[in-house]
Every structure is written in structure tokens, then in C-alpha cells.
Amino acid sequence: VTDSIPACIGNMTINSKQLENESPVSIFAVNKCYVTVQDGTFFDGSGFAALVREGYKVRSDVNITLEFRTTAVHGVLLGVSSAKVDAIGLEIVNGKVLFHVNNGAGRITATYEPRGTNSLCDGKWHKLQANKSKHRISLIIDGNLVQTDNPYIQSTSADTNNPIYVGGYPADVKQNCLTSKSSFHGCLRNLVLTKGQQAELFDFSRAFDLRGVFPHSCPGAEH
């Protein structure tokens with residue numbers, strides 16, 4: 001067995017001597033244990049998850065759905081970019097959700113602004129759907145639809161070829177459709193990207209790079 005165990009381990013003794021696990025000599029991808037957990041992936045606010053190493057091609061159409069839970073009013077949700085300007089990006093800025101798309105002619109943004117600044121950042125689960133269909137973009141948060149006009153109707157394809165970065169991105173990676181550098185702090189679940197009839201559910205434990213991300217559970221309350 002070469003896989004790590006997604007579990008909590010406590011009160012370990014060797015030869016009747018209890019191991020001191022508060023100050024380990026070294027530690028890697030080990031988080032606290034929690035009394036209550038929920039399904040999902042926990043982002044500790046320091047890193048990101050990188051998916052599709054060979055690059056994700058958004059092109060003319062993509063539909064993104066996910067659920068998020070956070071108490072932070074800033075944070076990157078998802079970004080896919082390219083070596084050119086083509087890109088898409090989802091982020092929380094000042095408690096608003098922004099969906100940016102650049103098909104090559106210029107960035108357009110759909111913004112969902114909740115009634116209260118913290119109403120999306122209340123630690124409860126919220127459903128997000130971001131849709132790009134050629135030059136049209138829309139954003140649905142908890143059933144509330146936001147659409148935006150796009151003056152660049154001739155430009156319809158976001159020719160991306162970079163990985164999907166979720167919850168943040170490395171300092172040396174360019175993201176043309178994200179304004180925030182803040183890593184997401186909170187929980188995400190049910191990330192699905194759909195193109196036509198093909199829906200792909202992304203499992204964060206299969207990410208090719210995980211930093212500050214714990215793929216198997218979200219803390220309900222710390223222990």
C-alpha cells in the first residue's frame with residue numbers, strides 16, 4: 001500500500017510509550033482532526049489544487065458548477081488561462097462572486113452582488129453555476145441569475161491550454177482572468193465542468209499538485 005490514509009489517528013503508543021505528536025520532527029499534508037466533518041475538500045487559505053496537467057481547453061462553451069462554504073470575503077475559486085490573453089476565472093472579491101471571461105478580444109465580467117456583504121461568506125454552503133456559451137456568459141448563485149452584455153460578439157472561443165487551478169494558483173503562474181491573489185479559505189465540493197453532454201466531476205485527491213488542500217473532508221468544528 002502506497003496511498004496515505006484519509007483518517008484521524010490518535011493515542012498511538014510504541015512499547016507502552018505514548019508518541020508525542022504535537023511537535024513532530026517533520027510533517028507533510030497532515031491536518032488537525034475534527035469532531036465533525038462534512039463531505040468536501042478543505043482549503044486552508046495558503047495554497048491551491050492543480051488539475052489537468054496537460055491543459056484544459058475551454059474553447060466556445062463550458063458550464064461550471066460547484067458548492068462553496070467560506071467565512072472569508074476574498075478568495076480565488078477557479079482559473080484557467082493561456083499563454084495569450086484567453087482565460088476564464090471565478091473569484092470572490094469583497095463578498096461578491098465574479099465570473100471573468102476573455103475570448104481574446106477583452107475581458108468581460110458577470111458579477112453577483114449579494115444584499116449583505118457577508119451573506120455569501122457566512123460559513124454555509126452556496127451553489128454556484130457559471131456558464132460560457134460562445135460570447136455569452138452568465139452566473140447563477142443560489143438560484144439567482146446574473147447576465148452581462150458582451151460587446152465582443154465576434155470573439156467566441158477561449159483558447160486555453162493551461163491547467164485548472166482551484167482555490168488559488170502559484171506565484172509564478174499567470175492568470176489573465178483573476179484579479180485576486182488571495183487563496184480560498186473554506187470548503188468546496190461537487191466541482192463539475194460540462195461541455196455539451198460531457199460532464200466531468202473533479203476529484204481533488206487526483207490533483208497533480210495540492211498545496212494547503214485536504215481533499216477528503218471539511219471540518220465542521222475543530223477538535
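How exposed is Arg189, as judged by its relative accessible area? In this predicted model, Arg189 is partly exposed, since its relative accessible area of 23% falls between the limit of under 20% for buried residues and that of over 50% for exposed ones.

## Arg189 and its two partners

Arg189 takes part in a salt bridge with Glu67, in which the side chains meet at 3.1 Å, taken from N to O. Arg189 belongs to strand 14 and Glu67 to strand 5 (residues 61–70), so this pair ties together parts of the chain that are 122 residues apart in sequence.

## Other salt bridges

The count of salt bridges in the model comes to 4. Another of them joins Lys96 to Glu113, with the closest N and O atoms 4.0 Å apart. Lys96 is placed in strand 8 (residues 96–102), while Glu113 is placed in the loop between strand 9 (107–112) and strand 10 (126–133), so the parts that this pair ties together are 17 residues apart in sequence. Lys96 is partly exposed, with a relative accessible area of 28%, whereas Glu113 counts as exposed at 54% relative accessibility.

A further salt bridge is formed by Arg211 with Asp209, and here the closest N and O atoms are 2.9 Å apart. Arg211 counts as partly exposed, at 43% relative accessibility.

## Aromatic pairs

A search of the whole structure finds 4 aromatic pairs. One of these is formed by Phe48 and Tyr165 in an edge-to-face arrangement, with 5.8 Å from centre to centre and 75° between the planes. The pair links distant parts of the chain, given that Phe48 is in strand 4 (residues 41–51) and Tyr165 is in strand 13, 117 residues apart. Phe48 is buried, with a relative accessible area of 3%, and Tyr165 likewise counts as buried, at 9% relative accessibility.

Ring pairs also link Phe43, Phe184 and Phe204 into a cluster.

## A buried loop residue

Where does Asn176 lie in relation to strand 13 and strand 14? Asn176 is found in the loop between strand 13 (164–166) and strand 14 (185–195). Although this residue is in a loop, Asn176 counts as buried because its relative accessibility is 13%, which is under the 20% limit.

When its neighbours within four places in sequence are left aside, Asn176 is in contact with Ser81, Ser82, Lys84, Val85, Asp86, Ala87 and Arg107.

Asn144 lies in strand 12 (residues 144–148) and counts as partly exposed, at 35% relative accessibility. Apart from neighbours within four places in sequence, Asn144 is in contact with Tyr112 and Leu139. Between Asn144 and Ser183 the separation is 39 residues in sequence and 25 Å in space, taken from C-alpha to C-alpha.

Gly220 lies in strand 17 (residues 218–222) and is partly exposed, with a relative accessible area of 46%. Leaving aside neighbours within four places in sequence, Gly220 is in contact with Thr36 and Val37. Between Gly220 and Leu178 the separation is 42 residues in sequence and 29 Å in space, again from C-alpha to C-alpha.

## A nonpolar surface patch

Which residues form a nonpolar patch on the surface? The patch is formed by Ile5, Ile9, Met12, Ile14 and Leu19, which together have about 490 Å² of accessible area. Ile9, one of these residues, is found in the segment before strand 1 (13–14), and Ile9 is classed as exposed because its relative accessible area is 52%, a value over the 50% limit.

Methods:
Residues numbered from 1 in each chain as written. Predicted model: local features only at pLDDT ≥ 70, side-chain atom pairs only at ≥ 80, totals over all residues. Heavy atoms only, no water. Patch = residues over 30% accessible without salt bridge, like charges linked within 9 Å, V, L, I, M, F, W, Y side chains within 5 Å. Areas by Shrake-Rupley, 256 points an atom, 1.4 Å probe, with all protein chains shown as cover. Helix = DSSP H or I, 4+ residues; strand = E, 2+ residues; numbered from the N terminus. Buried < 20%, exposed > 50% of the residue type's maximum accessible area, 1.4 Å probe, protein only. Contact = heavy atoms within 4.5 Å. Phe/Tyr/Trp six-rings, centres within 6.5 Å; stacked < 30°, edge-to-face > 60°.
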